[in-house]
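Opening the notebook on this one. I want to look up the sheet, the core and the ligand shell, in that order.

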Amino acid sequence: MQEEKENNQSRRSFLKKSAAAGFTALTAGTALTGDKLLAESNETPRKAILMDNRLCIECQACRVACQNENEIDEEYSFIKFVSKESGEYPDVEYRLRRDSCFHCPDSPCINQCPVDALYKGEGRFTTLEVEECIACGQCQQACPFDIPEIGEERMYKCDACQHLLEQGEEPACVSTCISYALDFGDFEDMLEAGQQRVEEIKDKYPNAELYADYDYGLLLILTDTPTELNLV
Ligand code: SF4
Ligand code: SF4
Ligand code: SF4
């Protein structure tokens, strides 16, 4: 137990805390450690999606694949692209920031749900039991990142394609991304892969970093600071 605690502390010590890509709300997150969450956190190996923003060509194929795979109405989306504008006319630049659920290990949304419709599923991704949801919106209020969307009868949010994970497959967004901007695997493996990718691009991008936060499931490679890239 002591050894596990020390490992966690050393792991956390090299994780970079992030204010990236709309993640300024990280600091507003509440660390919840209810018995239910602790019990669930030991059940299944933690998986993660690593995003390499450098390789993203903003094609939005991942969003479309997600909507098709999960058969969700077009007005809702588990993956959102937020348009960010920088510069002044006529030198205006536009970028898209890709936002989706972070699957926080101590998810505030899970603890706030009054009907226990949210739980940690395969890969420890925060998952919705759709039939249980009463669309009350309490998870939306609790989420530091404003991720859940509330429809008439249910909430909408990424669950990392639980039905695919149960068959040993990757989430649809990952297998669809043609530019390999997305990768999927064990959290620790994705962490290592991210660090390796950053080392490989340091010559070209001296400010490149892997933005990672163990408490929020964040794994993101940026070639410069979030501010320089106009992502915040
Ligand atoms: S499919 Fe890949 S490259 Fe296209 S927007 Fe999604 S993450 Fe970016
Ligand atoms: S909905 Fe929000 S609080 Fe819940 S796991 Fe996703 S990012 Fe975290
Ligand atoms: S909207 Fe659904 S998932 Fe969210 S807190 Fe209410 S019942 Fe739970």
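This is a predicted model: local features need pLDDT of at least 70, side-chain atom pairs count only at pLDDT 80 or more; totals for chains, interfaces and linings use all residues.

I started with strand β1 (residues 47-52), which runs parallel to β10 and is joined to it by two bridges.

Helix α8 (residues 187-201) does, and I see it touching β1, β8, β9 and β10. The direction of α8 makes about 135° with that of β8.

Which order do the strands take? I read it as β8-β1-β10-β9, an open sheet of four strands with mixed pairing. β8 (182-186) and β9 (209-213) are at the edges with a single partner strand each, so one side of each has no neighbour in the sheet. I get an average twist of 20° from one strand to the next.

**Core**

I went on to the largest nonpolar core, which holds 49 residues. Which of them touch the most other members? They are M51, L182 and L219. Strand β10 (residues 218-222) gives the most to this core, namely five residues.

Back to M51, leaving out residues up to four places away in sequence: I list R98, A181, L182, L219, L220 and I221 as its contacts.

**Ligand 2**

Last, I checked the surroundings of ligand 2 and found 13 residues there. The closest are C101, C104, C109, T126 and C143. How does the shell split by class? I have nine nonpolar, three polar and one charged residues around ligand 2.

Key: Residues are numbered from 1 along each chain as its sequence is written. Chains are lettered from A and ligands numbered from 1 in the order in which they are written. A residue is near a molecule or strand if its C-beta atom, placed from the backbone, lies within 6 Å of it. Ala, Val, Leu, Ile, Met, Phe, Trp, Tyr, Cys and Pro count as nonpolar, Asp, Glu, Lys and Arg as charged, and the others, Gly among them, as polar. A nonpolar core is a set of buried Ala, Val, Leu, Ile, Met, Phe, Trp, Tyr and Cys residues joined through C-beta atoms within 7 Å. A residue is buried if 20 or more other C-beta atoms lie within 10 Å of its own, exposed if 12 or fewer, and partly exposed in between; C-beta atoms are placed from the backbone. Two residues are in contact if their C-beta atoms, placed from the backbone, lie within 7 Å. Two strands pair if DSSP finds at least two bridges between them. Axes are lines fitted to C-alpha atoms, for helices over the stretch in contact, and angles run from 0 to 180 degrees between N-to-C directions.
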